[in-house]
Amino acid sequence: PHSVRVMASGDRLARAGDGIDHVAFPISAVVVQARNGPQDPMPLVSGMVGGEGFAGWPAILGAPQWPHEVFAVIAGEVVIVTTDDLLAAVETDPELLTLLLRYLHNFTMQLTQNTIANLGHSIERRLARWLTMFHDRVGGDELHLTHEMLAMLLNVRRASVTDTLHVLEGERLVR
């Protein structure tokens with residue numbers, strides 16, 4: 001059993017510290033995971049999930065609580081499955097567990113690459129990377145993202161996003 005939830009951009013799917021009672025498989029939505037540190041005014045975004053994966057992976061590792069916030073960046077649908085139902089399905093279908101763990105491996109690679117990019121790349125390269133990742137997940141050339149949302153994803157001021165988009169437009173990489 002599952003349900004389909006339509007999410008708007010900015011809708012929260014999970015809050016850090018809450019019990020993991022469900023997992024979400026995005027269909028047309030794109031969600032990100034983020035975490036606020038004690039000194040961070042803005043959440044630090046570490047990963048993105050679209051139709052290739054699921055949010056709530058700590059549940060299959062036995063974690064009782066969400067370690068991060070999860071919210072929609074691109075509006076759309078997600079399939080919600082209770083954690084109990086997912087864990088029961090994994091017990092009866094080892095191939096399902098293998099697929100979920102393969103996804104988790106790929107997601108940890110994304111987290112590693114995001115960390116490397118955030119520490120060592122220019123804002124232009126980081127923004128181009130995020131836009132490419134979104135493009136891969138939405139199935140089209142039109143991305144419905146605000147400068148404010150991009151600023152949050154990059155952990156920069158909104159004005160920096162505007163300036164950087166102008167640079168990318170000047171290079172004919174985006175329009």
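Student: What should I know before I start?

Tutor: The model is predicted: local features need pLDDT of at least 70, side-chain atom pairs count only at pLDDT 80 or more, and totals for chains, interfaces and linings use all residues. Residues are numbered from 1 along each chain as its sequence is written, and side-chain values use heavy atoms, with hydrogens and water left out.

Student: How do I read a sheet, and which strands form the open one here?

Tutor: Start with the terms. Helices (H or I, at least four residues) and strands (E, at least two) are DSSP runs, numbered from the N terminus. Two strands pair if DSSP finds at least two bridges between them. Here four strands form an open sheet, in the order 2-6-4-5, with antiparallel pairing. Strand 2 and strand 5 (44-49) are the edge strands, each pairing on one side only. From one strand to the next, the twist averages 35 degrees.

Student: How many bridges join strand 2 to strand 6?

Tutor: Two, and these strands run antiparallel. Ala-14 has Val-70 in strand 6 as its bridge partner.

Student: Which strands does helix 3 touch?

Tutor: First, two terms. Contact means heavy atoms within 4.5 Å. Axes are lines fitted to C-alpha atoms, for helices over the stretch in contact, and angles run from 0 to 180 degrees between N-to-C directions. Helix 3 (residues 123-138) packs on the sheet and touches strand 4 (30-35), strand 5 and strand 6. Its direction makes about 25 degrees with that of strand 5. Helix 4 (residues 147-154) also packs on the sheet, touching strand 4, strand 5 and strand 6. The direction of helix 4 makes about 140 degrees with that of strand 6.

Student: Why is helix 4 described as largely enclosed?

Tutor: Buried means under 20% relative accessible area, exposed means over 50%, and partly exposed is in between (1.4 Å probe, protein chains only). Six of the eight residues of helix 4 are buried, so helix 4 is largely enclosed by the rest of the structure. They are Met-149, Leu-150, Ala-151, Met-152, Leu-153 and Leu-154. These buried residues pack against strand 4, strand 5, strand 6, helix 3 and helix 5 (158-170).

Student: What comes just after helix 4?

Tutor: Asn-155, with a positive phi of about 60 degrees. Asn-155 is not a glycine. Its place is in the loop between helix 4 and helix 5. Asn-155 counts as partly exposed, at 37% relative accessibility. Now look at Arg-172, in the segment after helix 5. Its phi is also positive, near 60 degrees, and Arg-172 is not a glycine either. At 76% relative accessibility, Arg-172 counts as exposed.

Student: How do I read a nonpolar core, and which residues touch the most other members of the largest one?

Tutor: A nonpolar core is a set of buried Ala, Val, Leu, Ile, Met, Phe, Trp, Tyr and Cys residues joined through side-chain atoms within 4.5 Å. The largest core here has 28 residues; Leu-13, Phe-54, Val-70, Val-78 and Leu-86 touch the most other members. Elements that give two or more residues to this core include strand 3 (22-26), strand 7 (76-82) and helix 2 (94-120). Helix 2 gives the most, with five residues. Another core, of 25 residues, lies apart from it; among its members are Val-32, Leu-150, Leu-153 and Val-161.

Student: Is Ala-24 buried or exposed?

Tutor: Buried, with a relative accessible area of 0%. Ala-24 is found in strand 3. Four of the five residues of strand 3 are buried, so this strand is largely enclosed by the rest of the structure. Strand 3 and strand 7 pair in the antiparallel sense over five bridges. The bridge partner of Ala-24 in strand 7 is Ile-80. Leaving aside neighbours within four places in sequence, the contacts of Ala-24 include Leu-13, Phe-54 and Val-78.

Student: Where does Asn-114 lie?

Tutor: In helix 2. Asn-114 is buried, with a relative accessible area of 3%. Leaving aside neighbours within four places in sequence, Asn-114 is in contact with Ser-46, Gly-47, Arg-129, Trp-130 and Met-133.
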